Amino acid sequence: MSDQLFPSYILATSAVPPRESQDPYYLGDPDGLIGVSVVNPAANTRVKVEVKIDRLESAGAFEGVLELRNQRYEVFPKILYRYDILPRFDQLVPANVTLSLYLNGRLAGRQTSVVRIHSINDCIRAIRNADGSLRNMPWLFAAYVNENHPAIDRILSDALDTKLVNRFVGYINAKGPIDVYQQVFAIWDVFQRRGFRYSTIQTTPTTGTDRNLSSQTVRLVEDSLKTSQANCLDGSVLFASVLRRVGIDPFLVLIPHHAFLGFYLDQEHKTTAFLETTRMGSIDLDQSTGGDSAGRALEAVGDSAKNTTSYKSFVSAVRYGLDEYNRNKDKLVNPGDDVNYRLVDIARARKAGIIPIAVDNAAPIPVKQR
């Protein structure tokens with residue numbers, strides 16, 4: 001990854017089943033990030049490769065046999081990362097990576113290189129492979145959706161206190177789309193009351209500096225809650241986290257320089273709705289109620305709530321979200337290699353093994369002896 005390590009990628013993919021390498025000259029971890037290339041000096045050479053990353057306090061090793069003489073092999077040890085340390089990186093820092101190569105039990109070479117460890121908030125969008133092809137990674141954004149975050153319980157409790165809904169049931173016992181809209185609005189109302197505002201921050205240290213890699217800053221759930229502000233992607237991730245918790249299936253909609261939220265109105269995923277989260281906290285509210293989605297959203301609450309700023313902003317967000325999706329629908333359905341257009345289904349990403357990024361505050365911070 002252009003001499004860069006992304007804690008978000010390492011954490012998010014830690015539960016993904018490893019691929020099986022089809023290359024007989026590639027040994028070790030098929031998804032390894034750090035390894036060596038070695039030309040075998042003799043047939044059936046015993047090889048050992050060790051890797052250490054100082055700031056991550058992580059290490060790994062591989063031992064095997066290089067069978068063919070004069071054949072070039074790539075060896076990538078399985079690295080044992082400190083998963084309690086990775087989420088604590090909140091800015092770009094350098095780190096030393098030391099690789100040691102042993103052939104037939106004797107040290108054949110040792111090399112130390114400097115890599116850049118990114119903030120946990122830096123999310124990779126795409127990487128250009130050595131052959132020039134592009135590897136799109138929109139599914140990594142699903143790692144920032146954290147339906148297990150403990151703060152969500154308080155959000156749902158606040159939503160119930162408003163009496164807009166009696167309980168959160170997801171799709172179970174829901175009487176159609178209106179019941180789903182009611183639950184979504186109750187959550188929207190909590191964020192509106194908390195004074196959430198739109199923020200445009202999305203620059204990362206790789207923005208415009210690395211043609212082989214693109215990334216974007218994404219706030220973790222706790223960061224958005226602490227600051228009461230979120231950019232388009234932060235807001236979508238935060239809202240998706242709460243929807244997942246109550247049993248409503250969300251997806252992220254990525255278009256050029258923007259992101260918004262989609263969610264399914266039924267358990268079979270036959271009907272979709274959209275939410276432009278940047279409308280939250282908007283002062284200049286568009287009160288138009290055109291469109292079927294906005295119409296059904298209007299039916300979701302009683303007359304007293306329909307006159308509130310919170311509900312007007314919700315209806316506006318539903319309409320804007322649908323309009324944005326319709327304008328970009330063709331590219332979203334058939335994006336090709338364009339990294340700017342993607343639909344990221346959170347449930348599908350979870351099934352693939354992409355887990356939420358969580359900061360383990362209970363984990364001890366390692367202290368080195370002087």
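Q: Where is Asn 44 found?
A: Asn 44 is located in the loop that joins β3 (36-39) to β4. Strands (E, at least two residues) and helices (H or I, at least four) are DSSP runs, numbered from the N terminus. The model is predicted, so local features require pLDDT of at least 70 and side-chain atom pairs count only at pLDDT 80 or more, while totals for chains, interfaces and linings use all residues. Residues are numbered from 1 along each chain as its sequence is written, and side-chain values use heavy atoms, with hydrogens and water left out.

Q: What is the phi of Asn 44?
A: Most residues other than glycine have a negative phi. Asn 44 is not a glycine, yet its phi is positive, at about 55°.

Q: Is Asn 44 buried or exposed?
A: Buried means under 20% relative accessible area, exposed over 50%, and partly exposed in between (1.4 Å probe, protein chains only). Asn 44 counts as exposed because its relative accessibility is 53%.

Q: Which loop holds His 269, and what is its phi?
A: His 269 belongs to the loop between β16 (258-264) and β17 (272-275). Its phi is positive, at about 60°, although His 269 is not a glycine. With a relative accessibility of 30%, His 269 is therefore classed as partly exposed.

Q: How many helices and strands does the protein chain have?
A: The protein chain has nine helices and 18 strands. Of its 370 residues, 51% are buried. Among the contacts (heavy atoms within 4.5 Å) with a separation of 6 or more, 68% join residues 24 or more positions apart.

Q: In what order do the strands of the open sheet run?
A: Two strands pair if DSSP finds at least two bridges between them. Here six strands form an open sheet in the order β1-β9-β8-β4-β5-β7, with mixed pairing.

Q: In which sense do β4 and β8 pair?
A: β4 (residues 45-53) and β8 (residues 93-103) are antiparallel, and seven bridges join them. Facing positions show how the two strands line up. Val 51 stands opposite Leu 99 of β8, and Lys 52 faces Thr 98 of β8.

Q: How many bridges join β8 to β9?
A: Eleven bridges link β8 to β9 (residues 106-117), and these strands run antiparallel. In this pairing Val 97 is opposite Ser 113 of β9, while Ser 100 is opposite Arg 110 of β9. The two strands form a hairpin with two residues between them, and Asn 104 in the turn has a positive phi of about 50°. Eight of the eleven residues of β8 are buried, so the rest of the structure largely encloses this strand.

Q: In which sense do β1 and β9 pair?
A: β1 and β9 pair in the parallel sense, over two bridges. Here Leu 5 stands opposite Ile 117 of β9.

Q: How are two packed helices described?
A: The description gives the angle between their axes and the distance between the axes. Axes are lines fitted to C-alpha atoms, for helices over the stretch in contact, and angles run from 0 to 180 degrees between N-to-C directions. Helix α2 (residues 151-161) packs against helix α5 (residues 232-246) at about 80°, with the axes 10 Å apart. α2 and α5 are therefore roughly perpendicular (65 to 115 degrees; under 35 is roughly parallel, over 145 roughly antiparallel, and the rest oblique). Ile 152, Asp 153, Ile 155 and Leu 156 of α2 make the contact with Ser 241, Val 242, Arg 245 and Val 246 of α5.

Q: At what angle do α3 and α8 pack?
A: The angle between α3 (residues 177-193) and α8 (residues 309-333) is about 120°, and their axes lie 10 Å apart. The two helices are therefore oblique to each other. Residues of α3 in the contact include Tyr 181, Phe 185 and Trp 188, and those of α8 include Tyr 311, Phe 314 and Val 318.
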